[in-house]
Amino acid sequence: MNYSDLFKVAFKSLLANKRRSLLTMIGIVIGIASVITIIALGNGVKQKMISEFKTSNSGEQTTQITFSGKEDSTQGFTTSDIAKIKQQFSKQLTQVKFKKDSSDISVSDVSVGNATLSGTVTLLKKPMPNSKLKYGHNLTQSDLDLNQKVILLSSDYAKKIYKYSQNAIGTAVIINGISYKVKGIYKSESYTKYSANFLVSKKTYYAGKKMDQSNTLKLTVAKGNGASSVTKKVVKYLKKHGENRHLGSYSYFDEGAILKSISTIMDVLTYFISAIAGISLFIAGIGVMNMMYISVSERTQEIGIRLAVGATQKNILWQFLLEAVMLTVSGGITGFLIGWGISSVISLAIPYHIHAVVTFSNFLLAFGVSSAVGIIFGILPATQASKRNLIDILR
Amino acid sequence: MISLKNINKYYKQGEQEVHILHDITLDIQQGEFVGIMGQSGSGKSTLINIIGFLDREYKGDYVFKEDNIVHYTNKKFTYLRNKNVGFVFQNFKLINNLSVAENVALPLMYAGVKKKEVTQRVSEVLEKVGLGGYEKSIPSQLSGGQQQRVSIARAIVGNPTFLIADEPTGALDSQTSAEIMALFKQLNTLNHTTIIIVTHDPNVGKQMDRLLTILDGRLISDTEGE
C-alpha cells in the first residue's frame, strides 16, 4: 500500500462522516486562526518599526526636531543653531540639516491680482493627478523639472479674488518676490497635500534660495548612539541655547517609542492569545482523539477485513494516524487562511498604517502545530486500532 | 501442502481453561476440495483460523509447503497470509464505503501491486465470478448472492494457494447457495485452487471431494465424498 492510496483511504473515511469531521475541525480552526491573526498583526508592527527607523547600511539613523512658533510665520531654526549643535554633539551626530518643508508652507505678502494676502504653498516633485484639475492645464513633469515659473491655484482661493475661479488663469502670482503664471485651477482637498492654496514646483521654489531658516531640523545620528536619546538631548540643549527659544517650542515626536510600546503590547497580546489558542488546540485535540476512538470502534469490521486480506498492523496504524493528521491539518490550513483574512480586516481599522503581514514561516507554524496535534492525539486511537485482535473481530 | 501435527488449542474462559482442539493431525494436498463439518462450538472455526494463518496461539506444528511456520515473525506471518490465503466469510465482510472494485482490490493494494495491474486483475476476477461491469457499485446495492460473489472475487484476486470459506452459504437462500457452491466447484476444477469450506449443512458437505468431521474438538472422521 503506497502513500497516495493511504491518503485516499483516509480522505474517503473522513468524507464518509462529513459533519463529524467538520465539527471536530472547528476547535483547530479557531486555535490556529487566532494565533495567525495576532502574529500577522505583530509582524505588521515590527515591519512598520523597521521602515520607520530607516537605519542606513552604516548603522546611522535619522530623526527630526520640529519648532512650533507662537506666530505662524516664525521660522525656528537658524544657521547658528546648526553650528552650535554640530559643535556640541560632534561625536553623536554626523549631520545636521534644515529640512526643506514641502507641504503647507505658510507664506505672507503674496500678491494675487490687486490684493496682497497670505496663504499656504505645497511644493511638488511630481505632477498632481489630472483628476483634481478643475480649469486650465495641469503642471507637467517638465514644468517641474525645468524651473518653469508656473503655478496652480486652488479654486476656493481663486474665487475669493476673482469671483469666478477660471478668470484667474493666465494672471500672475508673486510669492517671495518671484512671479508665477497661473496655469490652472484645482480642487483643494482637506487633509491631503492638496489642501494648500498654491501648488508650485519644489525645484522652482527653492531655486536660488539660500536656506537659513526652517521649522524642521534633520539629524543624522551616528552608529552606536541611541537615536531617540541623542535627539532628546539636542532638544534639551536647544531649549536652553536655541536662538528662537523665546518665540516658540522645540519638540521631538518620538514615533519609534510609540511603535516600540505598541510592539511590546503586541508581544504580551501574542503570548496571551497563544495561551488561549493552546488551550483551544488542546481541547480540539481531545475532540480529535474522541472522534478517532469512536471511528475505530465503529470500523472494527473494516479493520478486521483489512488485516485478514493482508494489511499489516503498521498499515492500520498509518491509516488511522493519517486520518487524524489530515483532519487537523485541513483545520490548520483553514485556520491559517481565516486568520490571514481577519488580520487584514483588523489592520484596516487600526492607526499608523500597520498592515497584517503573513510569512511563509507562519504557514509552516500553522501546518506544524496542526499536524503535531493530529499526531499527538491520533497516535493512541491508531495504536488501539492496529492492536485489535483479528480473531475476536472476525468471530 | 498443509500439514498439521498434534495441534492443541486452549481458551481461557474466566477462571476455566477450555481445551478446544485435541491433537488435530491432518494433511491437505494441492487442489483438494475439502469440507469441514461440525456443530457450532465444535471447534471448526478455530481450526480454520489456524489453517488460514489468522491464529497462531496454539501448541503443535504447522508445516506449510515444507516450512514450519510456528517460528515465523509477525511480519512474515502477515505476508504469508496475504500471499497464500483467500477468505470468504459467512456475512461477506465487505467494506461498505468502498466500491466493489476497491473491495476486491484490497489484497493487491496491501501486496503493493501496481495500479494498472490491479484494475485489470480486478476486472478479470469480477468477470470470473459473474459480476463483470459491477466495479463501481456499492456493496449495499447488491443482493446477498452478489455480495458473496464479490467476497469470493476478493479472495481469489491475489491467486492464493488455497481458499478458506467459513459458512459461505449460511446467509443465502438455497437457490443462491447452489450457485455459490457451483462457483467454488468451478474454481476448483478449472484453476485447481485448493478450497476448504466450513459448514454445518450436510447438503453442502455432500458436495465435497473430502469431508472432515469435527466433534468436541476432535477429528472424528475423514472420508472421501461420493
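Modeller: What follows goes through the aromatic pairs and then turns to charges over rings. The structure is a predicted model, in which local features need pLDDT of at least 70 and side-chain atom pairs count only at pLDDT 80 or more, while totals for chains, interfaces and linings use all residues. Residues are numbered from 1 along each chain as its sequence is written, chains are lettered from A and ligands numbered from 1 in the order in which they are written, and side-chain values use heavy atoms, with hydrogens and water left out.

Searching the whole structure gives 17 aromatic pairs over all chains, where rings of Phe, Tyr and Trp (its six-membered ring) pair if their centres lie within 6.5 Å, and planes under 30 degrees apart count as stacked, over 60 as edge-to-face and the rest as tilted. One of them joins A:Tyr157 and A:Phe198, an edge-to-face pair with 5.1 Å from centre to centre and 70° between the planes. Because A:Tyr157 belongs to helix α5 (residues 155-162) of chain A and A:Phe198 to strand β10 (residues 198-201) of chain A, this pair ties together parts that are 41 residues apart in sequence; helices (H or I, at least four residues) and strands (E, at least two) are DSSP runs, numbered from the N terminus. A:Tyr157 counts as buried at 5% relative accessibility, and A:Phe198 is buried at 0%, given that buried means under 20% relative accessible area, exposed over 50%, and partly exposed in between (1.4 Å probe, protein chains only).

A:Phe336 and A:Phe363 also form an edge-to-face pair, with 5.2 Å between centres and 80° between the planes. Here A:Phe336 lies in helix α10 (residues 313-349) of chain A and A:Phe363 in helix α11 (residues 360-386) of chain A, so the pair ties together parts that are 27 residues apart in sequence. A:Phe336 is buried, at 5% relative accessibility, whereas A:Phe363 is partly exposed, with a relative accessible area of 24%. These two residues belong to one aromatic cluster, formed by A:Phe336, A:Trp340, A:Phe360, A:Phe363 and A:Phe367.

In chain B, rings also take part in contacts with charges: B:Arg56 lies over the face of B:Phe77, at 4.3 Å from the ring centre, and the charged end of B:Lys76 sits over the ring of B:Tyr72, 4.4 Å from its centre. For such a case, NZ of Lys or CZ of Arg must be within 6 Å of the ring centre and within 35 degrees of the ring normal.
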